[in-house]
Amino acid sequence: MSKRVKKAALLFMAAILIFSFFGCSAIVPPQTSAVQETQDTAADISAGTETQALKSESSEAVMTEKPAVYSQEDIFTAIENLVESQKMAIVTGDSELIEQTINPVDSFLKAEARHLAADQQVFPVSNYSRTVSDLYKEGAYYYGTLEQSFIYQGEDKKSSELRIYMFEDGVAYDMGTVLQKEMWGNIFIAFPEGEYALAENLCETTSRYVEAVNALWGQDFSQSISIKIYDDKDVFLNSIKLSLPDWAGGWYENGESIKTYIYDAAPGRYEYLMRHEATHMMLSYATNDNAAYWMQEGFATTLPTFIADGRLEINRKDVLEEAFSQGVLPTVKQHVNTNIEELTDMFDVRLYYGYSSAMAVYMMQKMDQPTLKRLFYELKTYPYIALTMSEKAFDTQTITEKCFKKATGSKFYDYFDGFENWLNSALS
């Protein structure tokens with residue numbers, strides 16, 4: 001075993017002890033070359049036999065139950081039934097049901113599964129199919145080809161991936177897509193075999209960026225971070241939500257993994273994606289995930305450049321200039337009540353990012369750091385809403401408007417009263 005692997009192993013064990021001490025779920029991958037989607041603690045996946053001590057009134061004799069014996073056919077059937085339950089959970093939008101099918105110690109994968117099912121309530125698909133085939137056992141785990149197919153907005157979609165499962169005490173659990181595993185500090189990353197250099201680069205990029213945002217916002221974010229990189233676009237999209245538009249290149253939702261996929265990206269594109277998604281993560285932490293959707297995208301689109309070289313500038317300014325010349329720029333009220341996840345036209349998508357960036361620049365120019373921190377504080381005092389960003393978009397906008405009044409002394413639309421003239425001047 002190399003020194004690097006030994007060091008990684010020690011880090012994993014230390015993480016287990018720390019998480020266990022505080023009663024949290026530790027995620028630790030088994031030491032295999034192509035391991036499961038999530039890490040597991042040895043305590044949570046150990047396949048021991050359950051013993052019941054029965055004390056007789058007349059004696060101190062202890063009786064031990066014999067462990068149940070399951071055939072390979074039994075286990076394969078259990079996995080197939082699990083996948084069928086997942087299908088029903090997604091079709092009906094049952095987040096609780098699908099969570100029960102996931103490795104109990106993987107909080108990231110459970111959150112991602114809940115999102116997958118919840119999305120059906122907002123953006124339903126039709127003719128959904130989810131099947132597993134070609135099951136086999138390797139070591140302590142079971143592998144199979146998971147295939148999904150469905151129709152969304154008249155378009156046929158499908159994906160196929162190698163999936164890993166565990167079977168414990170008569171119950172099968174889903175452990176996600178088969179990916180390589182590594183741990184850098186508090187960052188857990190899963191990636192396709194052969195992409196070690198990319199994985200290391202993205203971990204270093206994310207770590208440095210989180211430190212910089214902590215310093216800028218006066219935060220102490222130190223939570224565990226999960227990053228997942230896929231080598232198939234369709235698997236990437238369908239790991240998040242079935243309705244995710246094809247234009248998405250990265251993703252983060254509160255409590256889930258930062259995700260992207262391998263494609264012919266321009267130099268620096270992956271690093272930008274990590275910074276963009278990490279901004280979502282940091283803003284969710286700072287505001288208890290109560291910041292409005294436009295605010296999330298505005299800071300995530302603007303802050304990476306500002307952190308990198310101090311340039312506070314509007315991102316996607318070219319599309320704003322085009323919209324301005326065509327007379328189709330939205331008003332502030334129209335923009336903040338637009339749900340980006342409902343947009344399919346790429347011009348509208350780019351316009352949303354650009355307009356959100358402009359609003360973030362306007363805020364950062366007009367608002368000093370103490371006021372910004374006060375705004376974050378006010379947002380964080382509101383209870384967490386356990387819904388996806390799309391589901392709670394109306395609620396987070398309402399909360400953001402209330403918090404603007406508390407933090408700045410001005411009503412939300414009064415605060416942005418001069419924004420449209422400011423933007424028109426910037427685009428003239």
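I searched the whole structure, a predicted model, for aromatic pairs and got 29. I counted rings of Phe, Tyr and Trp (its six-membered ring) as a pair if their centres lie within 6.5 Å, with planes under 30 degrees apart stacked, over 60 edge-to-face and the rest tilted.

I looked up Trp 294 and Phe 416: they pair edge-to-face, 5.8 Å centre to centre, with 90° between the planes. Trp 294 is in helix α9 (residues 293-309) and Phe 416 in the loop between α15 (412-415) and α16 (419-427), so the pair ties together parts 122 residues apart in sequence. Helices here are DSSP runs (H or I, at least four residues), numbered from the N terminus. Both Trp 294 and Phe 416 are buried (under 20% relative accessible area, 1.4 Å probe, protein chains only).

I then checked Phe 416 against Phe 419: the centres are 6.1 Å apart and the planes at 80°, so this pair is edge-to-face. Phe 419 is buried as well. I noted that one aromatic cluster includes Trp 294, Phe 416, Phe 419 and Trp 422.

Next entry, helix packing. I found α10 (residues 317-326) and α16 packed at about 100°, axes 10 Å apart, with axes fitted to C-alpha atoms over the stretch in contact and angles run from 0 to 180 degrees between N-to-C directions. That makes α10 roughly perpendicular to α16 (65 to 115 degrees).

Notes on the source: residues are numbered from 1 along each chain as its sequence is written. Local features need pLDDT of at least 70, side-chain atom pairs count only at 80 or more, totals for chains, interfaces and linings use all residues, and side-chain values use heavy atoms, without hydrogens and water.

Notes. Helix = DSSP H or I, 4+ residues; strand = E, 2+ residues; numbered from the N terminus. Buried < 20%, exposed > 50% of the residue type's maximum accessible area, 1.4 Å probe, protein only. Parallel < 35°, antiparallel > 145°, perpendicular 65-115°, else oblique.
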